[in-house]
Amino acid sequence: MTEVNPKASPEESPNERPSKISKTLQEEGDSSEEEEEKEAVDKSMKPGLQRYLVAVEYIGTRFCGSQQQLNHRTVVGVLQEAFHKFIGQPVTICLSSRTDAGVHALSNVCHVDVERISKRKPGEVLPPHEPAVVRKAVNHFLQEGDIMVTDVRSVPAHFHARFKAQERTYFYRLLIGPELLSTFEKDRAWHVSEELDLVSMQEACKVLVGHHDFSSFRASGCQAKSPFRTLEELSVLEVVSTPYFPSITEREQNSSNGEGPHSFHNKCKTGLPTGSISNGFMAGGSNSGTDLGFGIRRRHRCYVITARSRSFLYHQVRLLVGVLKSVGTGDLTVSDVERILNARSITAASPMAPACGLYLGHVKYEPL
């Protein structure tokens, strides 16, 4: 397996490494070049090609980013290889959101054009494969365990995974507590040893939501024409840390309360009240003084920051997270966040959060 170059780890955005790989996705009214590219792509479609919209999940630390790079393992490169093995000819993968090395995807989306050629009669074009067949076949060739196709849909030839996207949602995981990070959580979250003030972080989010000049949260090298973006959502919630295994105390409480076998599962599904984790619902939380017994690790508290917008500037989410973390530790106040936003300079922001805690969660489209 190709090792990830640790120096090649800029970040999320609908952008890759800006100077050599690709350009940042622009805000509406900032995308004339993209529209020209879209028209050129649409005009190049051959009769007999079927366009598929493909959702994929992957572990970002196993790749040198999403876009194809010479002599590096990338998301696009691996997908193109799998499709090539499936249909016997090269394809072009177009991602909706381009991610940097270390950034994970719960659901990234791409489109790919496939022409089904008869193996018995070379040159004869056959009816397109059903989406379920495409999903099963491509996953058969993606056998490395760090990337998987989760959904496939047939779409019209003019449907573009990138330009038709209406909204993108990113999640950022922080694990809080002095204990060393579990092997199972390594490179899956930002480990913060200090306690974080959740309420102050939530107040800081309110300052940043809305339409602003986000120059203070725009990394150097960003090629977006405008620093203005509309942040539809920025929130912080405490959630159940995963992977989660109930302690003996929880199992006994569940039994003594007479709750059904699925009660704990339902609580996790519907979400736990703020503070319930640290108040003992999850035995062995970071604030617990209970002796858990030999070999049982104390769990970390887990905060998830959610950022939702049509598009983001280069490294915008990780810079936002860096500032929110500083508010949580008390190094910054909510007033400082407003000052940083109004400064419109990257030098005013806190250090950027690491890539490993960032997840592309969802790309929204009109109903297909």
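In this predicted model, helix α3 buries P131, V134, A137, V138 and N139. These buried residues pack against strand β1, helix α2 and strand β4, which spans residues 147-155.

**Helix α3 and its partner α2**

Helix α3 covers residues 131-141 and helix α2 covers residues 75-87; their axes lie 8 Å apart and form an angle of about 115°. The two helices are therefore roughly perpendicular to each other, since the range counted as roughly perpendicular runs from 65 to 115 degrees. The crossing of α2 past α3 is right-handed. On the α2 side the contact is made by A82, F83, K85 and F86, and on the α3 side by V134, A137, V138 and F141. Sorted by class, this contact comprises seven nonpolar residues, no polar residue and one charged residue. V134, A137 and V138 are listed among the buried residues of α3, and V134, A137 and V138 also belong to the contact with α2.

**Helix α4 and its two partners**

Two packed helices are described by the angle between their axes and the distance between the axes. The table gives these values for each helix pair treated in this report.

| Helix pair | Angle between axes | Distance between axes |
|---|---|---|
| α2 and α3 | about 115° | 8 Å |
| α4 and α9 | about 25° | 9 Å |
| α4 and α8 | about 140° | 8 Å |

Helix α4 (residues 198-208) packs with helix α9 (residues 334-343) at an angle of about 25°. Because angles under 35 degrees count as roughly parallel, α4 and α9 are roughly parallel to each other. Their crossing is right-handed. From α4, the residues S200, E203, A204, V207 and L208 take part in the contact, and from α9 the residues V334, V337, E338 and L341. The contact of α4 with α9 is made up of six nonpolar residues, one polar residue and two charged residues.

Helix α4 also packs with α8, at an angle of about 140° and with the axes 8 Å apart. That angle makes α4 oblique to α8. The crossing of α4 and α8 is right-handed. The α4 residues in this contact are S200, M201, A204, C205 and L208, and those of α8 are L320, L324, K325, V327 and G328. By class, the contact of α4 with α8 holds seven nonpolar, two polar and one charged residues.

N108 is located in strand β3, which covers residues 104-114. With a relative accessible area of 0%, N108 is buried. Its side chain makes a polar contact with the side chain of S96, at 3.2 Å. Leaving aside residues up to four places away in sequence, N108 touches V54, A55, V56, Y58, L95, S96, S97, T99 and L360.

F163 is found in the loop between β4 and β5, the latter covering residues 167-176. A relative accessible area of 13% places F163 among buried residues.

**Two residues with positive phi**

Most residues other than glycine have a negative phi. N71 is a residue other than glycine with a positive phi, near 65°. N71 is placed in the loop between β1 (50-58) and α2, and its relative accessibility of 67% makes N71 exposed. H315, which is not a glycine, likewise has a positive phi of about 65°. H315 lies in the loop between β9 (301-309) and α8 (316-329). At a relative accessibility of 6%, H315 is buried.

**The chain as a whole**

The chain contains nine helices and 10 strands. Of its 368 residues, 51% are buried. Among contacts between residues at least 6 apart in sequence, 76% join residues at least 24 apart.

Notes
Residues numbered from 1 in each chain as written. Predicted model: local features only at pLDDT ≥ 70, side-chain atom pairs only at ≥ 80, totals over all residues. Heavy atoms only, no water. Axes fitted to C-alpha atoms, helices over the stretch in contact; angles between N-to-C directions. Helix = DSSP H or I, 4+ residues; strand = E, 2+ residues; numbered from the N terminus. Parallel < 35°, antiparallel > 145°, perpendicular 65-115°, else oblique. Left-handed = near helix turned anticlockwise from the far one by under 90°. Contact = heavy atoms within 4.5 Å. Nonpolar A, V, L, I, M, F, W, Y, C, P; charged D, E, K, R; others polar. Buried < 20%, exposed > 50% of the residue type's maximum accessible area, 1.4 Å probe, protein only. Polar contact = N/O pair within 3.5 Å; in protein donor to acceptor, adjacent residues only side chain to side chain.
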